[in-house]
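Open the model in your viewer and keep the selection tool ready. Each stop below says what to select and what is there.

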Amino acid sequence: MRYIVLFFLVVGIASCSSKRDFLSAPSLKSEKQISKDLNYLTSDELLGREASQIGSALAAEYLAKQLEKYGMKPLFESFNDTLSNYENSWNVVAVQPGSDSTLRDEIIVLGAHYDHIGVIKAVDNDSIANGANDNASGSVILLDQVRRLSGIDNKRTIVYAFFNAEEKGLLGSKHLAQKMKQQGLNVVLMLNFEMLGVPMQRSYVTYGTGLELSNVGQMINEIAQEELVGELELAKQYNLFKRSDNYPFFEEFNIPSHTFCSFDFENYDYYHHVKDHAQYMDIEFMASFSQKMAKVISELVNVPQGEIRSI
């Protein structure tokens, strides 16, 4: 009998260790999967993933298959949630239910937009704006969050949202925020991933928008034990807080809502350009940031009620 008990104890310890390792350590496997996801989403086959066009539909199909593979369930009737404000377009939305009888009613939304601007004026005979940094990078990091967080014991519920029609005016995130509000869902935090394909030469790894409005930036850096997120003055100057998919959730729920980005207007020349290709993305940086953020989120979903708050 004692050998049976010992066997299950060893298996349990190994399982817990495996989960911790997956959260805390960058892995070659993760880098390979990020590269695979990135190369598909930026392939010419998807024609720049413009909302309502075939490339965006193919991207959505790919994302839904990945979510199903990682054991996620749709938040609504299916992973594809048809937009009410833009034709022939849909978000891809999954849910990871919380385990705590009280905290599971509190929802943390993790988001990234998967659309881009499609086919544009040609440069050197290339007219497809593949959108690697904007925002295949954020989308594949969000997929990596799904992979890394799928095995944790999350007391709060996590919703993973891949937004469409961001380039048309944040329409996907506006649709989802309004829909969740109308359904009486209790969203307490929104974290959005945008343009995270190349590192900055700064003291912090990424910058967050609207960090002065909540205690979330401080919490993130305390959990990470490094300056994982900082404040970029240009982000305030250009009012980026209102220009990405975090903002509709701030409007609807008046909660901490932040976008994390590493494009600082100095480190990448191909914004909305046909040369925004996967080959220019720093996969090692993306995987490193993703594992650090997954560790942070794995703790944020379990902090006591009221600790995540606006200022």
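**Before you start**

This is a predicted model, in which local features need pLDDT of at least 70, side-chain atom pairs count only at pLDDT 80 or more, and totals for chains, interfaces and linings use all residues. Residues are numbered from 1 along each chain as its sequence is written, and side-chain values use heavy atoms, with hydrogens and water left out.

**Stop 1: α2 and α9**

Select residues 28–41, helix α2, and residues 283–300, helix α9. Helices are DSSP runs of H or I with at least four residues, strands are runs of E with at least two, and both are numbered from the N terminus. Two packed helices are described by the angle between their axes and the distance between the axes. Here the axes come within 9 Å and cross at roughly 115°. Axes are lines fitted to C-alpha atoms, for helices over the stretch in contact, with angles from 0 to 180 degrees between N-to-C directions. α2 and α9 are therefore roughly perpendicular. Angles of 65 to 115 degrees get that label; under 35 is roughly parallel, over 145 roughly antiparallel, and the rest oblique.

Now show side chains. Glu31, Ile34, Ser35 and Leu38 of α2 meet Ile283, Glu284, Met286 and Ala287 of α9. Contact means heavy atoms within 4.5 Å. The residues of this contact divide into five nonpolar, one polar and two charged. Ala, Val, Leu, Ile, Met, Phe, Trp, Tyr, Cys and Pro count as nonpolar; Asp, Glu, Lys and Arg as charged; the others, Gly among them, as polar.

**Stop 2: α4 against α9**

The axes of α4 and α9 come within 9 Å and cross at roughly 50°. That makes α4 oblique to α9. On α4, color the contact residues, including Val140, Ile141 and Leu149. On α9, pick out Phe289, Met293 and Ile297, among others in the contact. The residues here divide into nine nonpolar, five polar and two charged.

**Stop 3**

Serine 139 lies in α4 and is buried, with a relative accessible area of 0%. Buried means under 20% relative accessible area, exposed over 50%, partly exposed in between (1.4 Å probe, protein chains only).

At 0% relative accessibility, asparagine 135 counts as buried. Draw a distance from its side chain to phenylalanine 193: a polar atom there lies 3.0 Å from the backbone oxygen of phenylalanine 193. Beyond four places in sequence, the contacts of asparagine 135 include Arg49, Asp115 and Glu194.

**Stop 4: α6**

Select residues 216–224, helix α6. Seven of its nine residues are buried. They are Val216, Gly217, Met219, Ile220, Asn221, Ile223 and Ala224. Around them, show β8 (186–193), β10 (229–230), β11 (257–261) and α9, against which the buried residues pack. Just after α6, check glutamine 225, which takes a positive phi of about 60°.

**Stop 5: glycine 208**

Finish in strand β9, residues 206–208, with glycine 208. Glycine 208 is buried, at 5% relative accessible area. Leaving out residues up to four places away in sequence, glycine 208 touches Val229, Gly230, Thr259 and Phe260.

Terms used
A polar contact is a pair of N or O atoms within 3.5 Å; within protein, one must be able to donate a hydrogen and the other to accept it, and residues adjacent in sequence count only if both atoms are side-chain atoms.
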